[in-house]
Amino acid sequence: MSIQGRCRCQSCTIRGLTGPAIVITIGVLFLLHETQGGHFDFQNTWPVILLVIGLLQLASAFSSREGHVDSQPPAPVVPTPPAPPAPPVNPPQSYLASREQ
Ligand SMILES: [Zn+2]
């Protein structure tokens, strides 16, 4: 998605932060796993990722959508492929010979 077509309303901005927030959360959890271990083992802390996602979705749902722009891109124009060349009606002998090989 291009930056130009991106909506700048509060709700979409918060939603756009979900990906980076997940990456940062996973990084922090692995850091805790490596440095603290024990109770901060990743097996125990991974649900924090779900909490972060849920909190960001809540924040996005409750924030303003003033100035929201639907960023539905226009349907791509698919060029129709050209029709294959039709064989000659009365093919010369050289054409028939090349087809038989
Ligand atoms: Zn928006």
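**Notebook: burial, overall form and helix packing**

Entry 1. I began with burial and found that 0% of the chain's 101 residues count as buried. I note here that the model is predicted.

Entry 2. I then looked up the secondary structure. The chain holds five helices and zero strands, and in sequence order I read the pattern as α-α-α-α-α.

Entry 3. I next turned to the overall dimensions. For the C-alpha trace I recorded a span of about 85 × 45 × 15 Å along the principal axes. The radius of gyration of the chain is 29 Å, whereas a compact globule of 101 residues would have one near 13 Å.

Entry 4. I checked how far apart in sequence the contacting residues lie. Taking contacts between residues at least 6 apart in sequence, I found that 73% join residues at least 24 apart.

Entry 5. I examined helix α2, which covers residues 18–35 and so numbers 18 residues by the run that defines a helix. From first C-alpha to last, α2 reaches 25 Å, close to the 26 Å expected at 1.5 Å a residue. After α2 comes Gly37, and I noted that its phi is positive, near 65 degrees.

Entry 6. How do α2 and α4 lie relative to each other? I found that the axes of α2 and helix α4 (residues 47–62) come within 10 Å and cross at roughly 155 degrees. Angles over 145 degrees count as roughly antiparallel, and α2 and α4 are therefore roughly antiparallel to each other.

Entry 7. I listed the residues through which the two helices meet. On the α2 side these are Thr18, Ala21, Ile22, Thr25, Ile26 and Leu29. On the α4 side I recorded Val48, Ile49, Val52, Ile53 and Leu56.

Entry 8. I selected Ser11, which lies in helix α1 (residues 10–16). Is Ser11 exposed, partly exposed or buried? I noted 18 C-beta neighbours inside 10 Å of Ser11. A residue needs 20 or more to be buried and 12 or fewer to be exposed, so Ser11 counts as partly exposed.

Entry 9. Which residues does Ser11 contact, leaving aside its neighbours within four places in sequence? I recorded Ser60, Ser63, Ser64, Arg65 and His68 as its contacts. I also looked up the pair Ser11 and Gln57, which are 46 residues apart in sequence. In space, their C-alpha atoms are 9.0 Å apart.

Conventions. Residues are numbered from 1 along each chain as its sequence is written. This is a predicted model: local features need pLDDT of at least 70, side-chain atom pairs count only at pLDDT 80 or more; totals for chains, interfaces and linings use all residues. Helices (H or I, at least four residues) and strands (E, at least two) are DSSP runs, numbered from the N terminus. The expected span of a helix is 1.5 Å times one less than its number of residues. The radius of gyration is taken over C-alpha atoms; the globule rule is 2.2 Å times the number of residues to the power 0.38. Two residues are in contact if their C-beta atoms, placed from the backbone, lie within 7 Å. Axes are lines fitted to C-alpha atoms, for helices over the stretch in contact, and angles run from 0 to 180 degrees between N-to-C directions. Angles under 35 degrees count as roughly parallel, over 145 as roughly antiparallel, 65 to 115 as roughly perpendicular and the rest as oblique.
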